[in-house]
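Here are my notes on the model, point by point. Please read them with the structure open.

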Amino acid sequence: QQYSCLTTVTLILTILLTVATKETDGFKRFMRSARHFNYTVKVLGRGEKWNGGDYISAPGGGQKVRLLKSALADIKEEDKIILFIESYDVIFSSGPKELLKKFQQTKHKVVFSAETLIWPDRHLEDKHPHVREGKRFLGAGGFIGYVPNLKKMVSDWSGEDNDSDQLFYTKLYINPEKRKSINITLDSKCRLFQNLHGALDEVVLKFEDGRVRARNVLYDTLPVIVHGNGPTKLQINYLGNYISNVWTFETGCTVCNEDIEYPGVVIGVFIQQPTPFVSVFFERLLNLQYPKNRLKLFIYNQEPHHDQHIRSFLENHEADYQAVKLIGPDEDLSFCFSGSDMCRDDIDCEYFFSVDVEVVLKNDETLKILIELNKPFIAPMLTKPGRLWTNFWGALSADGYYARSEDYVDIVQGRRVGIWNVPYVSQVYLVSADVLRSELKADDLFHSATLDADMAFCSKVRDQGVFMFVTNMHTFGRVLSTENYQMNHLHNDLWQIFENPVDWEERYIHENYSKIMKDNIVETPCPDVYWFPVFTEVACKHLVEEMENFGQWSGGGNVDNRIQGGYENVPTIDIHMNQINYEKEWHKFLLEYIAPVTEKMFPGYYTRAQFDLAFVVRYKPDEQPFLRPHHDASTFTINIALNQVGIDYEGGGCRFLRYNCSIRAPRKGWALMHPGRLTHYHEGLPTTAGVRYIAVSFVDP
């Protein structure tokens, strides 16, 4: 077997490490554990022929001493501490900080690992000094010490490469004068080094707080380094399944995908029309579980409105990817061809993953899954919520348009699960670079006098004999509806509650809202006042920014032509939802998300969630800091905090006078719901600094 030479670790800045002529699995395991604990590793003797013996037929290892002596000669800083260790059968169990601390606690300049058994010369047993407790015999597989002491220790070496390093160091140690001069001791209780030979019954795994370590139960110590010396390779292999946090109860396997050779992928992102939730698309793109250093991005954008979303994404994450190419609305380039062309011309590209921006990839393993299916052309099945629409056709009509296959509904509804050869896919697919460079190398793949681009592409793919597959073996996501998407607001996604209700909810409804009904998380801070989460941080931010962008805040006077009768008894500085054309969407929100809570909290009461007034109020110390006591013209009122006390403003809150009960720290995104008339006479407490925003609805007036 090719044996390791030596490992040298400098705890101040540098680690020096020596191995034999090839990088075995054991060496890779060692390196992984070193990286895990932030040891810096340098390899000595790499590529040099191993002449140090195999440690099985006869002692050896002198080549390690020669290499160490040479390496030490190049180190001039005498205050450095060097760790010298085997590698093929060694695992780190903790980091340099603990190792250095334990070394310094020995109060010696050189510390060797200790063994239960003496080797290679048993006749030297009586010459070893006795220890009060622990192991007596020196192990040459690991030691740590200061540079001057180590230089002195190896200065007399003149042996051959196949001479015994163990015997050389042992003779130094058993010589009282040299032992004292060099200041050598043994790590007798295995606080730094654990040699397994002769000690298998002493070592167990210790699982605690998400970490796994080796524990010596005989001495109750936690060694930093574990060495499977001698005939203990199977035991070090077993320990290596866990130590260095390879597997823990908390995380499971942490290295299962580390050595996978991920193919290079060009991801083509295509924005051809105004589309909702584009910023969310890029968030999901970023969250794809695939190494970013194996990904290149091609982004084609035909819509100027979305330039801001792309810029924001690239400003923060362009450096994460291997390369990024952006084609903007002003550049004249065939979007369909150019993305695949980037892959076709890149020798490192093995797949092209085409994704339209209206695709919602909920499964962050999508790219991995498609690659692992090993098809030249494959698409994930996507649907539109509540519909039988998908991104594939099961059959074609006689004139080449859509036709429903007899198995289409069963595939869409998951009654038949598998990989399906289909005549048409759109919006997202993975194609191998080999196919792009051979069957699909024509420059007119997306052009036809009679067919749209997607249909023309699929027709030419079929004509080239390339099978298009779609898989429904996993749930991958959905496709957004882009119809009726308007761009006349600052945050147009707020208006998507009708067109894309699932995506609207994911973006704007609090993650704990669903627990209101099943976990009863509604709080009652004051009598008949109910407090529950409803909006996300993003919803609050977008609503405030939308109002400030509109900018037409009321003057806070009693005369108000926006309301019936033109007179407001208790005026606020506000903007009404109907001023930004949001009344229909707000009514839908109240009906879908507030009415169910109302009916739960007020048993027997049924609400249609109608409102005369819904508005966002702004409180500022120099504008309108508070609101005098009043009743609301409602059956019940909803008051949603849109920013955070202590961060965005100071003071504020609501006081119910009849109960002398105040809520002074409203939670951002949480709604207060209380009766409006008669019982809940209340006031808005003064905002003393910053700006406070709340969204108010008088429901069932």
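**Notes on the predicted model**

1. Start with a pair of residues. Isoleucine 91 has valine 226 of E12 as its bridge partner. The model is predicted, so treat this pairing and what follows as computed.

2. The strands behind that pair are E5 and E12. E12 covers residues 225-227. The two strands run antiparallel to each other and share 3 bridges.

3. Now widen the view to the sheet. E5 and E12 belong to an open sheet of 3 strands, ordered E5-E12-E9. Its pairing is mixed. The edges are E5 (90-92) and E9 (193-195), and each of them pairs on one side only. On average, neighbouring strands here are turned by 15° against each other, direction ignored.

4. A second open sheet has 7 strands. The order is E29-E30-E38-E34-E41-E32-E31, with antiparallel pairing. E29 (523-526) and E31 are the edge strands; each has a single partner strand, so one side of each has no neighbour in the sheet. Neighbouring strands in this sheet are turned by 25° against each other on average, again ignoring direction.

5. Look at one end of that order. E29 pairs with E30 (residues 529-533) in the antiparallel sense, over 2 bridges. Cysteine 526 has valine 529 in E30 as its bridge partner.

6. Next, the largest pocket. Its space is about 810 Å³. It is lined by 47 residues, and Glu568, Val570, Leu613, Phe615 and Phe698 are the closest to its centre. By class, the lining holds 19 nonpolar, 17 polar and 11 charged residues.

7. Which elements give two or more residues to this lining? They are E31 (574-576), E32 (611-619), E33 (627-630), E34 (636-641), E39 (682-684) and E41 (692-699). E32 gives the most, with 7 residues.

8. Last, a helix pair. H8 (residues 278-286) and H15 (residues 501-508) have axes that come within 12 Å and cross at roughly 75°. Angles of 65 to 115 degrees count as roughly perpendicular, and H8 and H15 are therefore roughly perpendicular to each other.

9. Which residues make the contact between H8 and H15? H8 brings Ser279, Val280, Glu283 and Arg284. H15 brings Asp503, Glu506 and Arg507. Sorted by class, the contact has 1 nonpolar, 1 polar and 5 charged residues.

Notes
Residues are numbered from 1 along each chain as its sequence is written. This is a predicted model: local features need pLDDT of at least 70, side-chain atom pairs count only at pLDDT 80 or more; totals for chains, interfaces and linings use all residues. Side-chain values use heavy atoms; hydrogens and water are left out. Two strands pair if DSSP finds at least two bridges between them. Helices (H or I, at least four residues) and strands (E, at least two) are DSSP runs, numbered from the N terminus. Axes are lines fitted to C-alpha atoms, for helices over the stretch in contact, and angles run from 0 to 180 degrees between N-to-C directions. Angles under 35 degrees count as roughly parallel, over 145 as roughly antiparallel, 65 to 115 as roughly perpendicular and the rest as oblique. Contact means heavy atoms within 4.5 Å. Ala, Val, Leu, Ile, Met, Phe, Trp, Tyr, Cys and Pro count as nonpolar, Asp, Glu, Lys and Arg as charged, and the others, Gly among them, as polar. On a 1 Å grid over the protein atoms alone, a cavity is a set of points where a 1.4 Å probe fits but cannot get out, and a pocket is an open set with protein on both sides within 12 Å along at least five of seven lines; lining residues have an atom within 4 Å of a point. Grid points are joined across faces, edges and corners, and a volume is the space filled by probe spheres set on the points.
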